[in-house]
Amino acid sequence: MLEQNNISSYNIDNDGYLLLAHVSEIAPGSIKRVILEEKDWEVAIVNTNGKIYAFRDVCPHRALPLSVGRVEGCRVVCIAHTWKFDLEDGGKAACPPIRKSLETYPVRVEQGNIWVKVRIW
Ligand code: FES
């Protein structure tokens, strides 16, 4: 089931990281979609292999949301045409092996809070 939050007010720190979720909201092996309403921007947050990853929730193939896809280890798979993106490798397309990559964002986890530097402010 797709987990989604819409955020209209932001908690942003001095380094430009936004508080977007808590680890307890994202089960291991799943993806949460967060909509930044003011910016009309979508972020996907993945919890897998004991790490948290974040990227713009737009498949670079045909712009469908990757948050409706699935997680396979350190890869996220788009359900539309099954392209796979390697989160350990900066979101590079792993299958097919092309140059397109996810727009990934730095993540900090502090006391379970997930802070993401989205770079749109
Ligand atoms: S839209 Fe994602 S693989 Fe085609």
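Modeller: Two strands count as paired if DSSP finds at least two bridges between them. The model shown above is predicted. In it, strand β7 (residues 75-77) and strand β8 (residues 84-86) pair in the antiparallel sense over three bridges. Valine 77 stands opposite lysine 84 in β8.

Colleague: In what sheet do β7 and β8 lie, and in which order do its strands run?

Modeller: Strands of a sheet pair through backbone hydrogen bonds, either parallel or antiparallel. Here four strands make an open sheet in the order β6-β7-β8-β9, and the pairing is antiparallel. The edges are β6 (70-72) and β9 (92-95). Each edge strand has a single partner, so one side of each is left without a neighbour in the sheet. Neighbouring strands of this sheet are turned by 35° against each other on average, with direction ignored.

Colleague: Which strands form the open sheet with mixed pairing?

Modeller: That sheet has five strands, in the order β1-β3-β4-β5-β10. Its edges are β1 (3-7) and β10 (104-105). One side of each is left without a neighbour in the sheet, because each has a single partner strand. Within the sheet, strand β4 (residues 41-48) and strand β5 (residues 51-56) pair in the antiparallel sense over six bridges. Asparagine 47 stands opposite isoleucine 52 in β5.

Colleague: How many bridges join strand β11 and strand β12, and in what sense do they pair?

Modeller: Strand β11 (residues 107-110) and strand β12 (residues 113-116) pair over four bridges, in the antiparallel sense. Valine 107 stands opposite valine 116, and valine 109 stands opposite isoleucine 114. The hairpin has two residues between its strands, and glutamine 111 there takes a positive phi near 50°. β12 also pairs with β2, in the antiparallel sense over four bridges. On that side, leucine 19 has tryptophan 115 of β12 as its bridge partner.

Colleague: Is glutamate 110 buried or exposed?

Modeller: Glutamate 110 is found in strand β11. Glutamate 110 has 10 C-beta neighbours inside 10 Å, so it counts as exposed. For a sense of distance, glutamate 110 and isoleucine 35 are 75 residues apart in sequence and 21 Å apart in space, C-alpha to C-alpha.

Colleague: Which residues of the largest nonpolar core touch the most other members?

Modeller: In soluble globular proteins, nonpolar side chains tend to be buried together. The largest core here has 28 residues, and those touching the most other members are Leu20, Val43, Ala44, Ile45, Val46, Ala54 and Val116. At least two residues each come from β2 (18-22), β3 (30-36), β4, β5 and β12. The largest share, four residues, is supplied by β4.

Colleague: What does valine 116 touch, not counting residues up to four places away in sequence?

Modeller: With that exclusion, valine 116 touches Tyr17, Leu18, Leu20, Val43, Ala54, Tyr105 and Val107. Across the chain, contacts between residues at least 6 apart in sequence can be sorted by separation, and 44% of them join residues at least 24 apart. Buried residues make up 31% of the 121 residues.

Colleague: How many helices and strands does the chain have?

Modeller: The chain has zero helices and 12 strands. Its radius of gyration is 13 Å, close to the 14 Å that the globule rule gives for 121 residues, so the chain is as compact as a globular protein of that length. Taken along the principal axes, the C-alpha atoms fill a box of roughly 40 × 30 × 25 Å.

Colleague: What does the UniProt annotation cover?

Modeller: An unreviewed UniProt entry carries the annotation "domain: Rieske" for residues 18-116. Such annotations may be inferred rather than shown by experiment. In the model, the chain over residues 18-116 is 0% helix and 49% strand. The end C-alpha atoms of this stretch are 5 Å apart.

Technical notes. Residues numbered from 1 in each chain as written. Predicted model: local features only at pLDDT ≥ 70, side-chain atom pairs only at ≥ 80, totals over all residues. Rg over C-alpha atoms; globule rule 2.2 N^0.38 Å. Buried ≥ 20, exposed ≤ 12 C-beta atoms within 10 Å, placed from the backbone. Contact = placed C-beta atoms within 7 Å. Core = buried A, V, L, I, M, F, W, Y, C linked by C-beta atoms within 7 Å. Axes fitted to C-alpha atoms, helices over the stretch in contact; angles between N-to-C directions.
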